[in-house]
Amino acid sequence: QVQLVESGGGSVQTGGSLRLSCEVSEYSKLIKDGMACMAWFRQAPGKEREAVAAIDNAGRNIVIRAVDGRFRISQDSGTNTVYLQMDSLTSEDTAIYYCAAAQGMRVTLVASFYKYWGQGTQVTVSS
């Protein structure tokens, strides 16, 4: 059973940084047709969930425009861990951040492709 466990959330002041981690168990079960994709989504209070960044097992990655240049997604295949480095944080980044996994997918930000989800980790940015 694929399980995702996030960590690294917390409270930080505007302009600060955080690094989120997502440890994936049974990662090999995500590989189908040679592909698997991991992503970070977030949901702010009163707003719909939105994709933030994604990376596939070939290393292709994508981030949304709102975080481009501030956030970076990466992965460590040795530990099956996906990271989201978040710099220059603003109050607009306050949200619950979720790690998600998609089987057999090239890099994508389309939520419906993601079958596995973590429990979420809170990120709060204050001035």
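The model is predicted, so local features need pLDDT of at least 70 and side-chain atom pairs count only at pLDDT 80 or more, while totals for chains, interfaces and linings use all residues. Residues are numbered from 1 along each chain as its sequence is written, and side-chain values use heavy atoms, with hydrogens and water left out.

**Stop 1: the disulfide**

Select C22 and C99. A disulfide (cysteine sulfur atoms within 2.5 Å of each other) joins C22 to C99, with an S to S distance of 2.0 Å. A search of the whole structure finds one disulfide. The link is left-handed, with -80° about the S-S bond. C22 sits in strand β3 (residues 18-25) and C99 in strand β9 (residues 95-103), so the pair links distant parts of the chain, 77 residues apart. Strands here are DSSP runs of E, at least two residues long, numbered from the N terminus. Both C22 and C99 are buried; buried means under 20% relative accessible area, exposed over 50%, and partly exposed in between, with a 1.4 Å probe and protein chains only.

C37 is buried, with a relative accessible area of 0%.

**Stop 2: the aromatic cluster**

Next, select F41, Y114 and W117, which ring pairs link into a cluster. Rings of Phe, Tyr and Trp (its six-membered ring) pair if their centres lie within 6.5 Å; planes under 30 degrees apart count as stacked, over 60 as edge-to-face and the rest as tilted. The count comes to three aromatic pairs. The F41 and W117 rings have centres 4.8 Å apart and planes at 50°, so this pair is tilted. F41 is buried at 2% relative accessibility, whereas W117 is partly exposed at 29%. Y114 and W117 form an edge-to-face pair, with centres 6.5 Å apart and planes at 65°.

Show R49 too: R49 lies over the face of F41, 5.7 Å from the ring centre. The rule asks for NZ of Lys or CZ of Arg within 6 Å of the ring centre and within 35 degrees of the ring normal.

**Stop 3: R70**

Finally, go to R70, in the loop between β6 (61-63) and β7 (71-76). R70 counts as buried, at 18% relative accessibility. Display the side chain of D93 as well: a polar contact of 2.8 Å joins the side chains of R70 and D93.

Conventions:
Helices (H or I, at least four residues) and strands (E, at least two) are DSSP runs, numbered from the N terminus. A polar contact is a pair of N or O atoms within 3.5 Å; within protein, one must be able to donate a hydrogen and the other to accept it, and residues adjacent in sequence count only if both atoms are side-chain atoms.
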